[in-house]
Amino acid sequence: MAEHRGGALTRQDHRALATWAAECAEHVLSVTWPDKEDRRPFNAVRQARSWATGEVPAGRAMRAAVAAHGAAREASGPAVAAARAASHAAATAHMADHSLRAAAYALKAVAQAGMDAAVERRWQERKLPDGIRALVMEAGDGSR
């Protein structure tokens, strides 16, 4: 829970989680999103990053998250999970736990695309900043 709500999660760590979630989503979108015209999932990743740097408010990131979920509903195959990963990355601005769902959906997209999810998980773990590594690894998400 975030510090401003009485928890231990600092704003800096919350923003680091959003950046990590965006990296996880973008990594799989680049290989699983077939519709090059539909940029909603990519916009969600961009808004997650922009929220993490303080450039946009959480509401703007959340609107991008909702749009990416819409893209997921219209997609098929591994693209569904990839768009959901992007949506959860943007939704991390609202609640930090969404970062775990972004990583989990990214793993699901990779597995559905016939790629090695264990390799992707190791990539995700290498991308974790030291400041949030323990936080993420302790929290888990059912796939860690």
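This is a predicted model: local features need pLDDT of at least 70, side-chain atom pairs count only at pLDDT 80 or more; totals for chains, interfaces and linings use all residues.

Me: Is S87 buried or exposed, and what does its side chain meet?

Reply: The general idea is to compare the relative accessible area with a cut-off, since a residue counts as buried when that value is under 20%. S87 has a relative accessible area of 1% and is therefore buried. Its side chain makes a polar contact with the side chain of H69, at 3.0 Å. If neighbours within four places in sequence are left aside, S87 is in contact with A44, A65, A68 and H69.

Me: Where is T92, and which residues does it touch?

Reply: T92 lies in the loop between α4 and α5, and because its relative accessibility is 0%, T92 counts as buried. The side chain of T92 reaches the backbone nitrogen of S99 at 3.1 Å. Not counting residues up to four places away in sequence, T92 touches H14, L17, A18, A21, H98 and S99.

Me: How should I read the angle between two helices, and what is it for α4 and α5?

Reply: The angle is taken between N-to-C directions, and values over 145 degrees count as roughly antiparallel. The axes of α4 and helix α5, residues 98-112, cross at roughly 165° and come within 7 Å. That angle makes α4 roughly antiparallel to α5, and the crossing of the two helices is left-handed.

Me: Which residues of α4 and α5 meet, and how do they divide by class?

Reply: On the α4 side the residues are P78, A81, A82, R84, A85, H88, A89 and A91, and in α5 they meet H98, S99, R101, A102, Y105, A106, K108, A109 and Q112. The residues of this contact of α4 with α5 divide into 10 nonpolar, four polar and three charged.

Me: At what angle do α1 and α2 pack, and how far apart are their axes?

Reply: Helix α1, residues 11-32, and helix α2, residues 40-52, pack at an angle of about 160°, and their axes are 8 Å apart. α1 and α2 are therefore roughly antiparallel to each other, and α1 passes α2 in a left-handed crossing. From α1 the contact is made by H14, R15, A18, T19, A22, E23, A25, E26 and L29, while α2 supplies P41, F42, V45, A48, R49, W51 and A52. By class, the contact of α1 with α2 has 10 nonpolar, two polar and four charged residues.

Me: Are α1 and α5 parallel or antiparallel to each other?

Reply: Here the other end of the scale applies, since angles under 35 degrees count as roughly parallel. The axes of α1 and α5 cross at roughly 15° and come within 9 Å, and the two helices are therefore roughly parallel to each other. α1 passes α5 in a left-handed crossing. The contact is made by L17, W20, A21, C24, V28 and T32 of α1 together with S99, A102, A103, A106, A109 and V110 of α5. Its residues divide into 10 nonpolar, two polar and no charged.

Me: Which residues is H27 in contact with, beyond its neighbours within four places in sequence?

Reply: With those neighbours left aside, H27 is in contact with E120 and W123, and the side chain of H27 makes a polar contact with the side chain of E120 at 2.7 Å. H27 lies in helix α1, and at 30% relative accessibility H27 counts as partly exposed. For another pair to read in this way, H27 and A71 are 44 residues apart in sequence and 17 Å apart in space, C-alpha to C-alpha.

Methods
Residues are numbered from 1 along each chain as its sequence is written. Side-chain values use heavy atoms; hydrogens and water are left out. Axes are lines fitted to C-alpha atoms, for helices over the stretch in contact, and angles run from 0 to 180 degrees between N-to-C directions. Helices (H or I, at least four residues) and strands (E, at least two) are DSSP runs, numbered from the N terminus. Angles under 35 degrees count as roughly parallel, over 145 as roughly antiparallel, 65 to 115 as roughly perpendicular and the rest as oblique. A crossing is left-handed if the near helix is turned anticlockwise from the far one by less than a right angle, and right-handed if clockwise. Contact means heavy atoms within 4.5 Å. Ala, Val, Leu, Ile, Met, Phe, Trp, Tyr, Cys and Pro count as nonpolar, Asp, Glu, Lys and Arg as charged, and the others, Gly among them, as polar. Buried means under 20% relative accessible area, exposed over 50%, partly exposed in between (1.4 Å probe, protein chains only). A polar contact is a pair of N or O atoms within 3.5 Å; within protein, one must be able to donate a hydrogen and the other to accept it, and residues adjacent in sequence count only if both atoms are side-chain atoms.
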